[in-house]
Amino acid sequence: MPTEQSQNNRQPTGADILLDSLCAHGTDRIFLVPGESYLAVLDSLCGDNRIDAVTCRHEGGAGFMAVGDAKLTKKPGVVFVSRGPGATNMSFALHLAQQDGVPLVIFVGQVAVKERGRASFQEVDYTAMFSQMAKSVFEVSNPAKLSETIARAFHDAMTPTRGPVVIAVMEDMLCASCDDAVWPVLPVALSGPAPQHVTYAADMLATAKRPLIVAGSSFDNAEGRDVLRRCAQAWMCPVALTFKYQQNFDNHSPLYAGHLGFKIPPAHLGILQQHDLLVALGTRLGDIPSQNYQLPSLPNPTAPIIHVSDDPAVLGRVFPTELAVASDAVSFTDVLAERPASWPAERKAWLDMIADFMTRFRDYQIKSTADGLDFGQVVMALSRQLDDDIVMTMDSGNFSSWVHLLWPFRGRGHVLAAAGGAMGLGLPAALAAGLRVPDRPVLAFVGDGGIMMTGNELGLAAQRGLPLRLIIANNSSFGTIRLHQEKAYPGRVSATELVNPDFTQWARAFGVWAETLSNADDTDELVKQALSQPGPSVLNVITSTELVSAFASVTQIRQAGR
């Protein structure tokens, strides 16, 4: 479809070719903070209804929205930022995309060709700046190379392991006339399982007494979840989910072996370490899912490892691996699920041990403290009033420990969260989800630290009437750092206390419904009100600092330290 400018018989420009190329790749939404270094793109967007341009308040928020959109759609998120400060503000979203394996295409305005290399206003060498985090960094000075570069960028972003790609576009190049053809989509090569590898894995599973599947992000879609469930049931093998992906398996199944979050409790780790075969599927098996290289252990794992990943670069790179398979993990698991399965009689004792532990592990009792609510009470109230077919976003912070422990994940909903640990994703990801699936409930859990990093984007929710539900866990503390501080230096609190605004009045200033929840007796009613609003709503929950996580209080940590 030609742009309005093309319809006016104006010679197409580099900016026009850029938008046509994005549309050829199925891009229907971009996130941006407008900047003078790509004014020509903003002009080409004028009157072109093919792409929804979402204006954000900060480049970090724009980047996080693009990350959230990519996590939900499984296609590259696209963000535009201006040169210099715009690019540096966006960089922590780029880093998160690299850590989480999220396809992201970032357009950065660059100085004009004649200014390049003269230390011009806001000039940056983006190859030098981003080459350690981005999969590829391109700089385009010739409009005839622009569409080809975009095709290569989308290809690189989607090639395993998926990740971010940066395209620096020179300001005058975007304005230059260009009538070159739009490049086609470059397909990503597919990898499939070899029969002998599946046979080898099946033989190992058939003799293992205590096998354990560790399933990663590759299963975060309807097909992947179904395949994972069928394989686990066929082989009667427990499944542990990697960090921030516990939605991919029914947490109430007797085969659920838990969520490999950041430093899970020692008792949970101790159970899982008793495996005699580890099957790592669709994960890079980095330090978080391996619990700082204790599951499996280094340098000599206590049990053989089967590792299946579509990125051969991660196979055998850290752990000695019995069977390393470069294959799409879902395809491999699907074939394995169809193989005739058998297992030794001792397998039942292993399954019973894990199921018994998980039942006791989730038996949480609400606690009463003088300094605020137990956040678990709010999580349980929300879960009672919502079914699990929702889009949930989680910012980074200890408040998420209650969500991971208590939310009844059944393998249906979507969770958009930062496995890479970046604060600030929660609200922008919820906004991206609200734009993408406006007919589904969107629930965002954010701490008082994270909301002050990207909370300015709440204006977009009001502007577009997005019915997202923002739950702020407000304990006036950087809770995660406080927990580590108490473990390392009990009682010596420094630099983790916060002075917050009144988040209820803050949200109302945007025109958003908001209430403060500080009395436990009001929980069910205020949750009901928050969920029933036609537009966005904010629940400012005054939570306990003493209850620093779902698994330990400050007092308990100090006593253990002594």
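**A surface patch, a helix pair and some salt bridges**

Leu298 sits in the loop that runs between β10 (277-281) and β11 (305-309); helices (H or I, at least four residues) and strands (E, at least two) are DSSP runs, numbered from the N terminus. The model is a predicted one, so local features need pLDDT of at least 70 and side-chain atom pairs count only at pLDDT 80 or more, while totals for chains, interfaces and linings use all residues. Residues are numbered from 1 along each chain as its sequence is written, and side-chain values use heavy atoms, with hydrogens and water left out.

Leu298 counts as partly exposed because its relative accessibility is 36%; buried means under 20% relative accessible area, exposed means over 50%, and partly exposed is in between (1.4 Å probe, protein chains only). Together with Tyr293 and Val318, Leu298 makes a nonpolar surface patch of about 220 Å². Patches are made of residues with over 30% relative accessible area and no salt bridge, with like charges joined within 9 Å and nonpolar side chains (Val, Leu, Ile, Met, Phe, Trp, Tyr) within 5 Å. The areas come from the Shrake-Rupley method with a 1.4 Å probe, and for residues only the protein chains shown count as cover.

Next come two helices. Helix α19 (residues 479-488) packs against helix α22 (residues 554-561) at an angle of about 25°, and their axes are 8 Å apart. That makes α19 and α22 roughly parallel to each other. On the α19 side, the contact is made by Arg482, Leu483, Glu486 and Lys487, and on the α22 side by Val554, Ile557 and Arg558; contact means heavy atoms within 4.5 Å. The axes are lines fitted to C-alpha atoms, for helices over the stretch in contact, and angles run from 0 to 180 degrees between N-to-C directions. Angles under 35 degrees count as roughly parallel, over 145 as roughly antiparallel, 65 to 115 as roughly perpendicular and the rest as oblique.

Ser549 is in the loop between β18 (537-542) and α22. With 9% relative accessibility, Ser549 counts as buried. Leaving aside residues up to four places away in sequence, Ser549 touches Asn398, Ser401, Trp402 and Leu483. Val415 is 134 residues from Ser549 in sequence, and the two are 20 Å apart in space, C-alpha to C-alpha.

Then there are the charges. Side chains of opposite charge can pair when their charged atoms come close. A salt bridge is a side-chain nitrogen of Lys or Arg within 4 Å of a carboxyl oxygen of Asp or Glu, and by this rule the count is 28 salt bridges. One of them joins Arg116 and Glu139 (3.1 Å, N to O). This pair links distant parts of the chain, 23 residues apart: Arg116 is in the loop between β4 (104-110) and α6 (126-130), and Glu139 is in strand β5 (residues 136-140).

Arg230 also pairs up with Asp334, the closest N and O atoms being 2.6 Å apart. Arg230 belongs to helix α10 (residues 222-235) and Asp334 to helix α12 (residues 329-338), so this pair ties together parts that are 104 residues apart in sequence. Arg230 meets Glu338 in a salt bridge too (2.7 Å, N to O). Glu338 is exposed, at 57% relative accessible area. Asp226, Arg229, Arg230, Asp334 and Glu338 are linked in a network of salt bridges.
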